[in-house]
Structure formats: C-alpha cells, structure tokens
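Work through the exercises below with the sequence and the model side by side. Each task is followed by its solution.

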Amino acid sequence: MTKSSALSTVVLLYWLLATGCQSGSETATTLTGEPAITEGEALAKQYCGSCHLPVSPAMLDKTTWHNQVLPAMAPRLGMEVWQKTHYYRPANASISQADWEKLQAYYETLAPDSLAIASTQPSPSNDWAVFSMLKPAQPAVDLATTTMVAFDSANQQVYSSNETDAGLYRWNSKLTAERLRTLPSPGVQARFIENKGQPAHLVLTCIGTMLAVDRSAGELLELDPNKSNRPTVLGQQLPRPIESTPGDFNRDGLTDWLVCGFGHDTGGLYLLQHRPNHQFSKQVIRNVAGATQVITGDFNHDGWLDFMALFAHADEGIWLFTNDRQGGFTEHNLLRFPPVYGSTSFQLVDMNRDGRLDILYTAGDNSDYSRILKPYHGIYVFLNDGHNQYKQQAFLPLNGCTKAMAADFDRDGDLDIAAIAFFADLGQSSPQTFTYYEGKSATTFQPHLIPISQYGRWICMDVNDWDHDGDPDIVLGNFSRGFLNSPAYHPTFDSHLPLLVLQNKTR
C-alpha cells in the first residue's frame, strides 16, 4: 500500500466515525479486513506491545480512546498534542504521522460505543451474612482519609494511619482511639515483628506522598508502639513505597526487607539487605514502576527463600523471583494483564484443596486515563497445575475492586472471599464497596452485599481473628477525599468515620 492510499483509507475511516455509521461491533465486522486496520493492529503490537500487553480496542469505548487514552499515549511516542485530540509530529518522534493515524484509526474504529455491563451471577443477597458491625466509640470530626488498617490480634487492637495528619493511631477493643505519634508521611502498611520476648515492634511503610508524582520521600520505619523515642529508619528515599515484606534471603540469620516502590513514572522493587552492622543496603531487584505486593516462599523447594511479586503499572502481571543463592534472583513471568486492568492485589491460597497454592487476583484501579466502569474488573481465581502454570477458573465481576482476601469465614470447610472496591459504581443506591463471597466450591460463590456502603468508602482492609473466638474478623479503612470519577456524583456515605470492624459471629 502506498502512503497516499493508506491515508485515504484513514480519511474514510474517520468519515465513518464522524457520521456515526454502525455501532462499534458492526463497524469492526465491516472494517476488520481493511488494510489500514490490519496495519494499525500490527503497529499496536509494535509500539504498545514493547512496553506492555497490547490492549484490544474492545476493552474501552470510542469516547475514552479518543478523549483520554490516545492523547495520553501520543507523547510516549514523541507526538505532540494540542486541544486534547489533535496531533503534530515533531522531527524526533518515534512514529511517523501516517503510522500514528493508522494506529489511532485502529482503536477508534474497532472500539465499541459503550462497554457491556458485567452481571453478577448469582445476584447478591443484601444481608449481614456471618458479620456484625462495630464502629468507633466516639464520633469523628475530621474528614476520613485512612490509608492503613492493621489488626494487632494478640492484643485485640487496631492500628491505623491517615493522610490528614500522617498520625499513627491505636484503637482498643471498643474502638476508642489513642494517637501515638506523627509519622513522616502517611503509613500505608504495618508489620508486627517479634522482639525477643518483648512486645512486638511495628515496621511501618510510609508512602512519602499520596500524589501521583515521582518523589522519593518514602521510608521504612521500625518502632516500639509503647515508647515515644525516635523510630529506627530501615530505608529512606524510596519512591512511594506501598508494601514491605520481611525475609532472610541470604540465610545469614538477619531479616532483610523487600520494598515495593510503586512510584509513578519511575519506581522499583528493592531488597534492603540487613548487614552485620545492622545497617541496610539497597539492591534493585526490578527497576520499573508499579511494584505493588510481594509474597515469599520456597517455591522451588531448594531451602532458599523466593518470592512472587505483583506489578500494577503499564506492564502488569505476577512474576516469580527464584533465589539464585548468590545474592540475586532469577525472574520468570507467571501471569500478564493489560494495563487497563488496573491490578490491585493477589493472594496465594489453596482454593481447591489439592495441596497447591493457587492465585487469587484482583483488578480494579481506576484512577488513570480510562475512568469508566469496566466489565473485566473484579476477582480472578487462577488454579495451579503444579508446574508454575496458572489457569483462570473463575471470575467474579466487581467494579473497581481494590483487594480480596480468602479465608473460611463461616467455618464450613470452603474458602470464602472478602473484597473491597474503592472504585465501585458509586451511583448505585447501594454501592458494592464491600462484598462477602460465600464459598460453595473452589470456583462458585454466593455474594452477600453487606449493608455498610453508607458508612464509608473502603480503601484498605485487614483480616484476622481479632476477638480470639476462632473465626476471622475484618477491619475496613475509609478514605473519603477525592478520587471521584464522576463529576456529577455527590457522596452520600459518611465522610468522617475512619474505620469499622466486621466481627465474625460464626460459632
């Protein structure tokens, strides 16, 4: 095809879009064989597939491609954007003007006018299932910006932090709060570390900034929550760290830390190696943004600690890092997801009781360029065949799913799932911000829409047997500031309640 004929085809495709000829799916059927569309698909694999899994045009609607995603994509290929949807090619762009127009036409032509709505089958029951609610004893005055909740099950306490004052709070069994100290930035994760027979120490991951910017101000701190002395700094100048995981990776008897520096455009996964002088040196494990979560284990049964890691920015997926016994790791991809998935969490759990750890994975981050409800957001179950191969066996649609944790909440022998959705469809009369999925089998669940959406918008969750009665309880943290994808939406949930506990009443 000559350059002039390719451009003529592109002009024809734009005319079809402008005149509203056919719906997205019908247009796709009509034009899939067009040379420009075929070339556009190849260009998508070439330019987009070099950074992440190529995104099918069908995964977003026409308006979102045209107004949001393509204008965000263009500068990454060197194209200049003006008036949001017009493009100019500078001399140093990595793509030609003709190829950019083919790429643009490919997405905008084959995209549907709107995305299908995922239906939950079976329909959720509106009840409390096995839970009862415990709220803080005193009403809150400040806007709720909770960034962390963590059960201290041994002492029937809850620790929390927030964005408003970066405070560290401790809540007793009646959910009365005590402010312990001000952190250098909001705490987003807490680990409890045994301290030679003394009360457990807290290791806190402090994000540095909640803003989506490249600022390496995060820290990893160890402190005694019962003392007011300065915390020990284990790591600093970290790019928006959101989780830290302990482990002795070189078998020297000292605890090292893997830190997920989510970052923004830059970030990474880091090993803070504990030295004999009790200082920590930072080793880069994977130098890309989006490190979100790590789970450790001896996955190849050689006696050395390995780990799996979730990356949730651009090139999304789960990777296995096998310890090479020489201070490094061998990397192997297990699962990859398109960037529109917005990966949020994963858990290793034996869903089908066959002795192998399966993957429970959630997708639902919806704060980037395509802020629309997506039918592929939700909870996925990938079963393990025992050879590092994971096959999807179940999908539970849940708009904007943020985290899911599996446990036998009702003690019937099947695993159930507790899930929060920060980016739920808030326009519903009862937004599905927290859902309890009662397990019927490894891949079959009855959803229960627990009636707590009016009390907050849940961004964080922890599960543990808080009240020592033999069944797991749940604590939820409310972040009520911003992140509203619909400008017409006015929050109706409680904007001040910082957290609540769902006590499991199974006996």
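**Exercise 1: a threonine in a strand**

T205 belongs to strand β9 (residues 198–206); strands are DSSP runs of E, at least two residues, numbered from the N terminus. The model is predicted, so local features need pLDDT of at least 70 and side-chain atom pairs pLDDT 80 or more, while totals for chains, interfaces and linings use all residues. Residues are numbered from 1 along each chain as its sequence is written, and side-chain values use heavy atoms, without hydrogens and water.

Task: decide whether T205 is buried or exposed, and find which side chain it joins in a polar contact.

Solution. Step 1: the relative accessibility of T205 is 0%, so T205 is buried (buried is under 20%, exposed over 50%, partly exposed in between, with a 1.4 Å probe and protein chains only). Step 2: its side chain makes a polar contact of 2.8 Å with that of S244 (N or O atoms within 3.5 Å, one able to donate a hydrogen and the other to accept it; residues adjacent in sequence count only if both atoms are side-chain atoms).

**Exercise 2: a salt bridge**

Task: state which parts of the chain the salt bridge between D165 and R179 ties together.

Solution. Step 1: the N to O distance between the two side chains is 3.3 Å, and a salt bridge needs a Lys or Arg side-chain nitrogen within 4 Å of an Asp or Glu carboxyl oxygen. Step 2: D165 lies in the loop between β5 (157–162) and β6 (167–171) and R179 in strand β7 (residues 177–182), so the pair ties together parts 14 residues apart in sequence. Step 3: D165 is partly exposed at 26%, and R179 is partly exposed at 39%.

Note on methods. Helices (H or I, at least four residues) and strands (E, at least two) are DSSP runs, numbered from the N terminus.
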